[in-house]
Amino acid sequence: MVASQCFDGSVMVWESQDGGIVRTIPFADVKGWALAMAFSPDGRMLASSTWDRAVRLWDVATGKALQCLRGHDGEAPCRCRTFGLAHPDCPVSGHANYVLAVCFSPSSELL
């Protein structure tokens, strides 16, 4: 699958084999553009980082938001953080800047 953001802010999820649209995710309540997006290895979730400095997890099948990870409370730049997805209250701590890259672990349990 491939994800792209449209001028209206929505995200289109495309089937890479035939180019068909799998889902449109409206990105409701999201401020600004996506800076990075990544699919979980099983293709069930899409992670996005946006201009509002949040990382969101989306259900690809339904287009609904699963989690919003926030909590930027530091001044220092951050190069790498690991978040256990089983713990939705885990803050994204240690930096105050944008999240410029997201990726999943092979098990989809860590982001």
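Colleague: What is the order of the strands in the open sheet of four strands?
Modeller: In this predicted model, the order is β4-β5-β6-β7, and the pairing is antiparallel.

Colleague: What makes β4 and β7 the edge strands?
Modeller: Each of the two, β4 (34–39) and β7, pairs on one side only. Neighbouring strands of this sheet are turned by 20° against each other on average, direction ignored.

Colleague: What do β6 and β7 form, and how many residues are between them?
Modeller: They form a hairpin with five residues between them. In the turn, G63 has a positive phi of about 80°.

Colleague: Which strands make up the open sheet of three strands?
Modeller: That sheet has the order β1-β2-β3, with antiparallel pairing. β1 (2–5) and β3 (21–25) have a single partner strand each, so one side of each is left without a neighbour in the sheet. From one strand to the next, the twist averages 20°. Strand β2 (residues 11–14) pairs with β3 over four bridges, and W14 stands opposite I21 in β3.

Colleague: How many helices and strands does the protein chain have?
Modeller: There are zero helices and seven strands.

Colleague: Why is R44 called exposed?
Modeller: Exposed means over 50% relative accessible area. R44 has 60% relative accessibility, so it counts as exposed.

Colleague: What makes the contact of R44 with D42 a salt bridge?
Modeller: The nitrogen must lie within 4 Å of the carboxyl oxygen. In R44 and D42 the closest N and O atoms are 3.4 Å apart, so the pair qualifies. Side chains of opposite charge can pair when their charged atoms come close. A search of the whole structure finds one salt bridge.

Colleague: Where is W51, and why is it called partly exposed?
Modeller: W51 is found in the loop between β5 (45–50) and β6.

Colleague: Which residues form the nonpolar patch on the surface?
Modeller: F7, W33, W51, Y98 and L100 form it, with about 630 Å² of accessible area together.

Colleague: What makes up the largest nonpolar core?
Modeller: It has eleven residues in all, among them A36, M45, V55, L69 and F104. The elements that give two or more residues to this core are β4, β5 and β6. A second, separate core of eight residues includes V11, V13, I25 and V60. In soluble globular proteins, nonpolar side chains tend to be buried together.

Colleague: What share of the protein chain counts as buried?
Modeller: Of its 111 residues, 35% count as buried, the cut-off being under 20% relative accessible area.

Methods
Residues numbered from 1 in each chain as written. Predicted model: local features only at pLDDT ≥ 70, side-chain atom pairs only at ≥ 80, totals over all residues. Heavy atoms only, no water. Pairing = 2+ DSSP bridges. Patch = residues over 30% accessible without salt bridge, like charges linked within 9 Å, V, L, I, M, F, W, Y side chains within 5 Å. Areas by Shrake-Rupley, 256 points an atom, 1.4 Å probe, with all protein chains shown as cover. Salt bridge = Lys/Arg side-chain N within 4 Å of Asp/Glu carboxyl O. Axes fitted to C-alpha atoms, helices over the stretch in contact; angles between N-to-C directions. Buried < 20%, exposed > 50% of the residue type's maximum accessible area, 1.4 Å probe, protein only. Core = buried A, V, L, I, M, F, W, Y, C linked by side-chain atoms within 4.5 Å.
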